[in-house]
Amino acid sequence: MSWIDANYIRRAAVTVDNSAGATGAQDITLTLPTKWDAFWGTGGVLSTGFDVRFTDSDGVTALVFNRNVWTYASQSAVFKIDGWTAVATKPSLVWMYWLYAAAADASAAVTITAERTGYIEMLAPSGAYRI
């Protein structure tokens with residue numbers, strides 16, 4: 001599977017439920033869980049959050065996003081992803097990347113209009129679950 005950049009160490013799937021939506025440009029709001037050790041723990045995201053990136057389902061096409069809320073000390077983060085192309089009435093996938101020490105800030109101003117909610121998918125012994 002394609003990867004945005006070999007310098008990025010980690011990524012996670014973000015599931016977007018567009019079952020009630022139409023095709024075309026949509027926006028995503030993603031609130032990260034505070035108890036996610038792979039992201040917030042040692043060896044995780046930079047304290048600035050500058051290393052976070054989002055791509056379309058192909059793993060390489062960059063998506064425009066905003067680090068809407070970011071408080072590293074309290075593990076609080078909300079990202080707004082702008083202009084993602086949805087597939088009608090189907091759950092879809094985007095990728096979130098992090099852990100690249102030399103990454104520059106890519107957070108940009110976004111205009112959110114047709115908003116969908118994204119969920120981080122985690123693997124548990126019994127399968128995938130949302131946290």
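# Close-up views of a predicted model

**View 1. A salt bridge joins Glu115 and Lys80.** The closest N and O atoms of Glu115 and Lys80 are 3.0 Å apart; a salt bridge is defined as a side-chain nitrogen of Lys or Arg within 4 Å of a carboxyl oxygen of Asp or Glu. The pair links distant parts of the chain, with Glu115 in strand S7 and Lys80 in strand S5 (residues 76-86), 35 residues apart. Helices (H or I, at least four residues) and strands (E, at least two) are DSSP runs, numbered from the N terminus. Lys80 is buried at a relative accessible area of 17%, whereas Glu115 is partly exposed at 38%. Here buried means under 20% relative accessible area, exposed over 50%, and partly exposed in between, with a 1.4 Å probe and protein chains only. The model is predicted, so local features need pLDDT of at least 70 and side-chain atom pairs count only at pLDDT 80 or more, while totals for chains, interfaces and linings use all residues. Residues are numbered from 1 along each chain as its sequence is written, and side-chain values use heavy atoms, with hydrogens and water left out.

View 2. Thr29 belongs to strand S2 (residues 24-31) and is buried, with a relative accessible area of 13%. Although Thr29 and Gly118 are 89 residues apart in sequence, their C-alpha atoms are 5.9 Å apart in space.

**View 3. Arg67 and Asp105 form a salt bridge.** The structure as a whole contains two salt bridges. In the one shown here, the side chains of Arg67 and Asp105 meet at 3.0 Å, N to O. Arg67 lies in strand S4 (residues 64-71) and Asp105 in the loop between strand S6 (91-98) and strand S7 (115-124), so the pair ties together parts that are 38 residues apart in sequence. Arg67 counts as buried at 16% relative accessibility, while Asp105 is partly exposed at 38%.

**View 4. Gly49 is buried in a loop.** The loop that holds Gly49 runs between helix H1 (37-40) and strand S3 (53-55). Gly49 counts as buried because its relative accessibility is 0%. Apart from its neighbours within four places in sequence, Gly49 is in contact with Arg67 and Trp70. The C-alpha atoms of Gly49 and Ala104 are separated by 9.6 Å, and these two residues are 55 residues apart along the chain.

**View 5. Phe54 and Phe65 form an edge-to-face aromatic pair.** Rings of Phe, Tyr and Trp (its six-membered ring) pair if their centres lie within 6.5 Å; planes under 30 degrees apart count as stacked, over 60 as edge-to-face and the rest as tilted. The count by this rule is 14 aromatic pairs. For Phe54 and Phe65, the distance is 5.3 Å centre to centre, with 65° between the planes. Phe54 in strand S3 and Phe65 in strand S4 are 11 residues apart, and their pair links distant parts of the chain. Phe54 is buried at 1% relative accessibility, and Phe65 is buried at 2%. Ring pairs link Phe54 and Phe65 into a cluster with Trp36, Phe39, Trp40, Trp70, Tyr72, Phe79 and Trp98.

**View 6. Strand S1 runs antiparallel to S6.** Eight bridges join S1 and S6; two strands pair if DSSP finds at least two bridges between them. Six of the eight residues of S1 (residues 10-17) are buried, so the strand is largely enclosed by the rest of the structure. Arg10 stands opposite Trp98 in S6. The charged end of Arg11 sits over the ring of Trp95, 3.8 Å from its centre; this description applies if NZ of Lys or CZ of Arg is within 6 Å of the ring centre and within 35 degrees of the ring normal.

**View 7. Gln75 and Leu99 have positive phi values.** Gln75 is not a glycine, yet its phi is about 55°. Gln75 is placed in the loop between S4 and S5 and is partly exposed, at a relative accessible area of 25%. Leu99, also not a glycine, has a positive phi of about 75°. Leu99 lies in the loop between S6 and S7 and is buried, at a relative accessible area of 18%.

Definitions and conventions: Contact means heavy atoms within 4.5 Å.
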